[in-house]
Amino acid sequence: MADPRDEPSDGRPATGAVATETAPPPVVAERGAPPPPTGVLGLLVREQSIIVPIVAVIAALAIGAVLIRAQGVNPMYAYQSLFSYSFGTADGLRGTFEKMVPLILCGLAVVIPLRVGLFNIGAQGQLMSGAICAAAAAHAVREAPGFLIAIIAMVAGILGGAMWASIAGALKATRGVHEVISTIMLNSIAAGLIDYLVNGPLKDPTQSYPSSYPAPEAAQFQPLGFVPIGLPIALVLAILVAWMLRRTTLGFQFETIGRNRHAASYAGIKLGGMIVLAMAVAGGLAGLSGSIEYLEIDPYRYQDGIAGSLGFDGITIALLARSTPLGTIPAALLVGALRAGSSTLMFNTGIQPEIVDMLLAITLLLVSLPIIAKLIFRRHTAKSSALASSWGS
Amino acid sequence: GGTSGPATGSGGGTNTAASGDCSSAEVFCVGLVTDVGKVDDKGFNQAAWEGVEQVKGELGAQTKYVETTDPKDYAKNIKQFTDAKYDVIVTVGFLMADATRAAGKQYPNTKFIGFDQFQADPVVPNVTGLIFHEDQAGYAAGFLAGSMTKSNKIGVVLGQEIPPTQAYAAGYENGAKAANPAVSVSKVYHPAGNTAFNDPVWGAGEAKKMLAQGADFIFGAGGGTGNGALQETAKTSGAGDKVFCIGVDLDQWDTLPAAHPCLITSAEKHEKDGIGELLKQIKGNTVKPGNFFGTAGISPFHDFDSKVPADVKTKVADVVKKLEDGSLATGYKP
Amino acid sequence: MEWLKRNQITVGAGLVILVAAYVFYAVNSNVATSMFSGAWFFAVPLVLGALTGVVGERSGVVNIGIEGQMLVAAFAAFFSAAATGSLIVGVLVGMLAGIAMGAFLALTTVKGLMDQIIAGVVINIVATGLTSFFYRPGKVLSANMPQWEVPLLSKIPLIGDVFFQSGPIALFALVSVPVVHFALFRTRWGLRTRSIGEYPSAADTAGIDVIRMRLVNVTIGGIFAGAAGAYLSMEATGGFERGMTAGRGFLALAILIFGGWRPLRVFAAALFFGFTNALASQLQGVISIPQQFITLLPYLLTLIVLAVAAGRVRAPAAVGQPFVKGEGS
Amino acid sequence: MSQEATQDTTRDRPVEATDRSAAPAERLLDIEGLSKSFGTVRANRDINLHVGRGEIVALLGENGAGKSTLVKQIFGLIKPDHGTITIKGDASPIKDPKDAIRRGIGMVHQHFQLVPVMTVAENMILGHETTSRGVLDIEGARQLVRELSDKHGLKVDPDVEVEDLPVGTQQRVEILKALSRRVDLLILDEPTAVLTPQETDELLTVMKELAAGGTSIVFITHKLREVLAVADRVYVLRQGGVVGEVATADTDARGLATMMVGRDVVLRVDKEEATPGDDVLSIRDLVVLDDRQLRAVDGFSLDVRAGEIVGVAGVEGNGQRELVEAIAGMRPPQSGRIDLLGKDITKANPHDTHVAGVGHIPEDRERHGLVASYSLADNLVLNRFSEKPFANGFVRDFDEVRKNAEALFTEFDIRAAGVQAMAGSLSGGNKQKVVVAREMSFRPKLLMAAQPTRGVDVGSIEFIHRRIVAARDAGAAVLLVSAELDEVLSLADRIAVIHGGKVVAEMPGKDADRTEIGRLMAGDH
Ligand SMILES: Nc1ncnc2c1ncn2[C@@H]1O[C@H](COP(=O)(O)OP(=O)(O)OP(=O)(O)O)[C@@H](O)[C@H]1O
Ligand SMILES: Nc1ncnc2c1ncn2[C@@H]1O[C@H](COP(=O)(O)OP(=O)(O)OP(=O)(O)O)[C@@H](O)[C@H]1O
Ligand SMILES: [Mg+2]
Ligand SMILES: [Mg+2]
């Protein structure tokens, strides 16, 4: 079947850059882009993928200030109480970090499939599967040494999430079922199955409210000061994923499929297998974040609300990070800090916590609309690649 | 609108003009942490906050609330108030039980009211659980429905299947059967998920279906989801004449005006009164640790007073009384 | 005739289902009617939401902001109706809100060249924030939405009860499906719309203003999501609740894909989903498996149907890709 | 069915050069001082050009010389930076394609501008639809297609979806579409790149008829034979500027090629007699289904020996694409057998065939051959990224990748900013060189080249041809699949004519008869 999403398949050549036999080869690096400036400006232009988000955040805070002022609150005071809590107190810092962990991991769970051209709306269900598998495994081996239980729970979480995501991957690869539908459906199915489990086989009878058995005390993660153990794990994984995508043959295969799947299959890359694998890796990360929530966060049980809206937050994070693995770290830091500080904000000023959503939305808007980059860098604006173009495949 | 009404939106947490220093002995400060949700949720968060506001004047209290957006923040949100040296902290919802007990142990000089939190032994001396028997409220409502149904079919639309909804449902069913053994009760739970208690459209759809299949009493017990069922019932033809609905948790006559056409009563836990009573006890230093059992029953009939036959009224009142004194069991086993 | 031949499977399956529905109706008319009504009641916002998707994505713009579009519309519809005391104003404002959100999507992506998925996510977040932030409790509608009976048609057994005795927005949805289908496949607008969603540079060279057409379509397409929102807060219930869309926008998205970007199939897919949903709640407490399993039914069946039968659907080829004049060819 | 349509119209219509060189009076198109830059690339610089009524003017130039850019401005697709375009005396700027169409300009674009999932009739009326009471008049559109088909002798079925048509027929649809409105000036941007010799002749005849009827034509092509056959005058572009203008009567192929490239080009391939060795590829009774599950390859058998070039000649759509994909492992055959050096590779996947020693220059380099957003370096190891030395196990070795690229860069004379330049930024010819370099660099046992010089300018064609011969001389078996009869004739040691998915004739390449092969390709055997 012709696939006009790629270049027209009529086999005609596309326009290329000038390259004549006589003239010296002209510069064709960026088709038609002006020569990159040098010096400080050059540095700024080259680093615009960092500068633009920073400016966007500042601009978003400024717009948010108007909203806050409209509530009759001094915006400076509001921001000060928010951030001085999130960053300036041990409690707040720990809260920020704790929130970062699942955000990074779920962000990665969206980033990786995006590279392959898949849109994973299912991090939510994958996280839940991971968490419940961790809970089940931890309970099964509850007599083991704490350290071992924690490892087993994490592995179980990874497997649980990976398995859940691979269902969507396999349906895509073998039956062509659009991953957006399958992951939405799988989210609901996970919710139902887990609801059964925590009301039935995995229910802790000492609890009136349906919840799993708690993680054995020895296996619970105790923070190192204000740094939760999940944080280094998440950071390391973000770096690993970045390394994997950039430097390994696996990453190359993912990337190739995402950019031109016809060329990928021509080059001998097995599309189906890679699609399942990418989803599995993504699901594994989401699942791991589920098991970390289980091991690290009070009440150390699987209970409703353990997943919150983390799976969907993962999408926000991935987009804020412009679908780069390392970008999820600052994105998660921002979101984590805003979320952690929102109750202090409410306590001190009465501003509703929804303000955080508004700030995020504005930030995302400003990061993604090429406006800021255009304003600052004019014609040196770097092109960002479209995520949405994978939709139709 | 209801009584004092929750903070009208933006103003948010603070509801006192003068904010004195809570650490001083003269200033009596009451803080409230909601379960995930807001103080205008027409449900238990709202009931709890209204309970606080109701006695605020009487006790000369300074009050404030923080709304929880993520269950993982319970402890953190409680800490906002302990850090500010509040005298009493009300935490809403069974999910906060663990966090409340932990905070209680950590801050022995602060009093805690754990709304809907059963305190198992060993009790924490400064934590009092405010407990209601949903099954009793459900039983009374079911008894009323069972006594009045003409079609012998009644229905209940619930949120997610968790102990309180189970208790309501079981009480409702048993109460109805006790009044009228021929009655058949259809009940439906919302599928699990984030929206189980906040899906009015689903609730409305289920109510519509039950009504079409002949039910003439719809009990909506599941937050926003249940409210949808009530609203749908209020819209059907014959609402208030042949078809009735029953609210839940608090007197929904006050919180859900849209249901007035059919809202004959609500299966009410007297939450506001319970909170008020406990706050007064704390102020008067008569509070006891452990569990404080609030009363549950049904709300006034309001406009429907004339539509409820006198004999039914007496029977229902009798049932409520017997439930209260323990001489009548609802048959619900948690 | 030609058409019948091409669609024999669809038509055949449709007939089988219709016959089965009437057999069910003959066995227990009460339950059958209520279940099918319940299915349609549930399907209305899905159909409308998906129609917004159809119009937008057929024009080449991905819309994952349907959820937010619906939520804002539900909010705007209810509160304007409550404030003015006029239902008509409410419905119109709801539709306008849908259109406004559509315009946002159109401007940011078509004009601003923002990534379409991101724009959709922004809409969803903004919608949650705005509607929650500005929510005020205690408002009521002055009256209920009317129930309309379509003359003659409403007298048909089963079908009449299910489809032709309902509120105005449900009827609007019912009418919109064939209208949009017809417009898409039989009119000039439809031909052009499909061309800009499939291969915009071809449309461009044929003298069609791709940018303008995308702007207009995506904007106007918001009317359906707007209607869906008004349906939720005014017709299906009588009030607005925070987050009351409860994921229906995402379901609409799934239905859109399930229905292969074709209005009639979208309608069928939504009804299928609505029916499995009605079936699931009808079975609760009747058969002796935990209700948690029964409530999974709609999701599971959808997955199975997709896997077995209709997995491969073809998206409009240019969906998701911004069009920049002069770069296309 | 479309198959028949092709056959039906591939009658051999000789193209005779008519003498219409007497300069026509009216200037239909007059371009003065036209310049256009994309960033730093000056695609057009100060171009002056005119076309008279009923005149056929050819534009020649290497890939990227600025031909398409020039005509896009005439059609209003892009706006000039400087200069004026005057059409029939009207010098007002051309706002957009709509405006151009209104002013009597029709264009067949270098890339198809047809909506693949719509029918021919729908495509034909897109943009100027007629409706009756709001409903599209599809019957009228069908009628229009039939009338136009008859009038110009280009047969197409109005109700087939465009994506189901062979490319040649799609091109016909494009031409008819351009002619479906009143056209005074017809622009044809490389319309013959995908046509068979017969189809090309057919088109050239239509062009001449149109010109005789007073339509002016701007014609872009890389094939000098065509220019000489129909054009009255030729403009040669290099690096965006006009470097020469000449009447066809005053020049020949060699002269034109020299003007284009700026040096002498060898148009004939010099090669030694082949010294074939053992069988490398052996295909028996192969059956392969196409995307519509029809038997595109239907009982195909062929052997290719080491050190020889076997050319598969045939009209496009006779199973060549499926044949090549089957050998490459991209499309599982239905039945039959493929052996490579005695090893069964019938069921192999692309990775296996690559490992077995098949180098494959795919027909569609944009789609299969390259990842446009990857660097040259990455593209040059696209199917070897996991092999040593480009990866150590799991981890890629960028140094080796770069070294490999740098070596091939010089060896294959790839013109680009450097090995880190994005493949998408290269000209067509250089893109093809990248693919050729990659597929030859691992010394394949079998080199399979599908349409290796399609849309590539003469300079690059010369280079690629030389490399293919060099690979043969180094002992590779070469399977050349080309719709370009000239290419097959000049390269192949042995020619197999494919029709209907099977070999209908085999002959030595040396004294093969062009007309005879053309006849066989058209199904006359
Ligand atoms: N939209 C564009 N943006 C940037 N550069 C462009 C664009 N279109 C064309 N170019 C550049 O302008 C130059 C002229 O391109 P053009 O397509 O006119 O060449 P051409 O002569 O038609 O080549 P070919 O024979 O390969 O079709 C090339 O260097 C090309 O890369
Ligand atoms: N990068 C990708 N993004 C999204 N989906 C993909 C991607 N690559 C492959 N797929 C999907 O995975 C499935 C298997 O791919 P594969 O290409 O083998 O199938 P196919 O039927 O041969 O597809 P086609 O004929 O369109 O090339 C298909 O449903 C395809 O749409
Ligand atoms: Mg394929
Ligand atoms: Mg060109």
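This is a predicted model: local features need pLDDT of at least 70, side-chain atom pairs count only at pLDDT 80 or more; totals for chains, interfaces and linings use all residues.
Local features need pLDDT of at least 70 and side-chain atom pairs pLDDT 80 or more, while totals for chains, interfaces and linings use all residues. Residues are numbered from 1 along each chain as its sequence is written, chains are lettered from A in the order in which they are written, and side-chain values use heavy atoms, without hydrogens and water.

Reader: What makes C:Arg194 and D:Glu122 a salt bridge?

Author: The term requires a side-chain nitrogen of Lys or Arg within 4 Å of a carboxyl oxygen of Asp or Glu. The closest N and O atoms of C:Arg194 and D:Glu122 are 3.4 Å apart, so the pair qualifies.

Reader: How do you know how much area is buried between chain C and chain D?

Author: Buried area is the accessible area (1.4 Å probe) lost on putting two parts together, summed over both. For chain C and chain D that comes to about 2200 Å², with 60% from carbon and sulfur atoms. The contact (heavy atoms within 4.5 Å) takes 22 residues from chain C and 28 residues from chain D.

Reader: Why are S6(B) and S7(B) called paired?

Author: Pairing needs at least two DSSP bridges between strands (E runs of at least two residues). Six bridges join S6 (153-158) to the parallel S7 (184-189) in chain B, so the strands pair. B:Ile154, for one, has B:Val185 as its bridge partner in S7(B).

Reader: What makes the crossover between them right-handed?

Author: With the strands pointing away from the viewer, a right-handed path from the first strand over the helix to the second runs clockwise. The β-α-β path from S6(B) through helix H5 (residues 163-179; a DSSP run of H or I, at least four residues) to S7(B) is right-handed, so by this definition it runs clockwise.
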